[in-house]
Amino acid sequence: MRTEPADPSASVADPLAGRRILVGISGSIAAVKLPLVVSALAQRGAEVRCVLTPSAAQLVSPVALASLSRQSCCLDADQWSHRASRPLHVELAEWAELVLVAPLSATSLGRWVHGLADTLLASTLLATEAPVLAAAAMNTAMWAAPAVRRNWELLQADGRVLPLGPASGLLACDRRGDGRMAEPPLLLLALECLQLWGCRQDWAGQRLLVTAGPTREPLDPARCLTNPSSGRMGVVLAQAARLRGAEVTLVHGPLAVDPQLLEGLRCEPVETAAQMEQALVRLQPGADAIAMAAAVADHRRQEPLAQKLSKEALERELACGWQAVPDLLAGLVARRPAGQRILGFAAQSGDVLPAARAKWVRKGCDLLFANPIDQVGAGFGGDTNQGWLLGGPAGEQRLERGSKLAIAQQLLTALRAVS
Ligand code: CTP
């Protein structure tokens, strides 16, 4: 007898499972976060090998990394050996299918872009042909220094590298500013993007406006009308677009995703549909494309009440006093400037396609992604999704169940192609 797996996402192939991933760690205090990343990769079934620069080995334990990666850790002293038939940097460079350099220090960045091969990590980076995700971390003034700016630009021009600039925040040197390495959840998401899409920057020069999450419509100080959307689909779509080169603005309701996944996005948090509508009216003219992934509430109270209602009063209240929320997506379509591409989403239960076809016609957007919300491994909350894309080059296209990121990549490709 066939049974559904306990974890609905378990049967969907993880893009990082089985991949050979080389993790290069250089000398910045952010190196202390790498054991978390290495452990997560190993638990997801990736083969992981770590290379540390001498300064990194002072900050994070090679013994811990060897244990977490289930492989011996590689240091400069291991590079040449009379027992090895090939130099270690060449062996590692050819073994790797994906490379993560995190943290990338100012020194390692400089070595790399100027072709200096005087550490095991530097030689390996020069020798590898695998795509590399590079997450910079350093002191704010160092990051702003003209020499580092020039080196970072050189790295950005390298078509085999996906550079992840640092975030702003409190640094270990007690300064506040740019320099914090992307947090582990974002590093893992970006690695997944690298595996699925490589370093191609097909959204470069494009401004994408994304909405995500539910809206929350207050009734009284103790109650509201909302829905179970976590916002994950919109957030991963926004990050994937950013990593494909887009300038992304994310308008989002109250989210239930790791806030570290929002790093690097220009965020406009809102609560109600009215606030979302105001943000959209303001931001729409500056967008080349829009992805309306938010689960906007359908009704709201004309005026939220200042006092909490009693149960009896609530019953009377629910029978009247509510108004329909205007359709924000239809409004975007009605106001759109020439050339703006719009992707809508549809949450469906039951037979997805007939309802989705009618919704696509009614909303008038270029593309509509319709996903079931009453099936295992799709819809609200989880890590996976599936559904139908209407309006793409293939007409009605079935998107098989995959991670929300894998679905987002397909939607971005279709949205970019709308003429
Ligand atoms: N949407 C919107 N404004 C609303 C309701 C929905 O902009 N007031 C957008 C959603 O962001 C999504 C699309 O319309 O992109 C479809 O949303 P969905 O909830 O599936 O459909 P509804 O229009 O609410 O219709 P129904 O509830 O009847 O399925």
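Trainee: Into which domains is the protein chain divided?

Mentor: The protein chain is divided into domain 1 (20–197) and domain 2 (207–417), with bounds from an automatic or database domain assignment. This is a predicted model, in which local features need pLDDT of at least 70, side-chain atom pairs count only at pLDDT 80 or more, and totals for chains, interfaces and linings use all residues. Residues are numbered from 1 along each chain as its sequence is written, and side-chain values use heavy atoms, leaving out hydrogens and water.

Trainee: Why is helix α1 called largely enclosed by the rest of the structure?

Mentor: Buried means under 20% relative accessible area, exposed over 50%, and partly exposed in between (1.4 Å probe, protein chains only). Of the 10 residues of α1 (residues 34–43), 7 are buried, so the helix is largely enclosed by the rest of the structure. Among them are Leu 34, Val 38 and Leu 41. Helices are DSSP runs of H or I, at least four residues, and strands are runs of E, at least two, numbered from the N terminus.

Trainee: What is the area buried between domain 1 and domain 2?

Mentor: Buried area is the accessible area (1.4 Å probe) that two parts lose on being put together, summed over both. Between domain 1 and domain 2 this is about 1,300 Å², of which carbon and sulfur atoms give 74%. Leu 186, Leu 189 and Trp 197 supply 41% of the area that domain 1 buries against domain 2.
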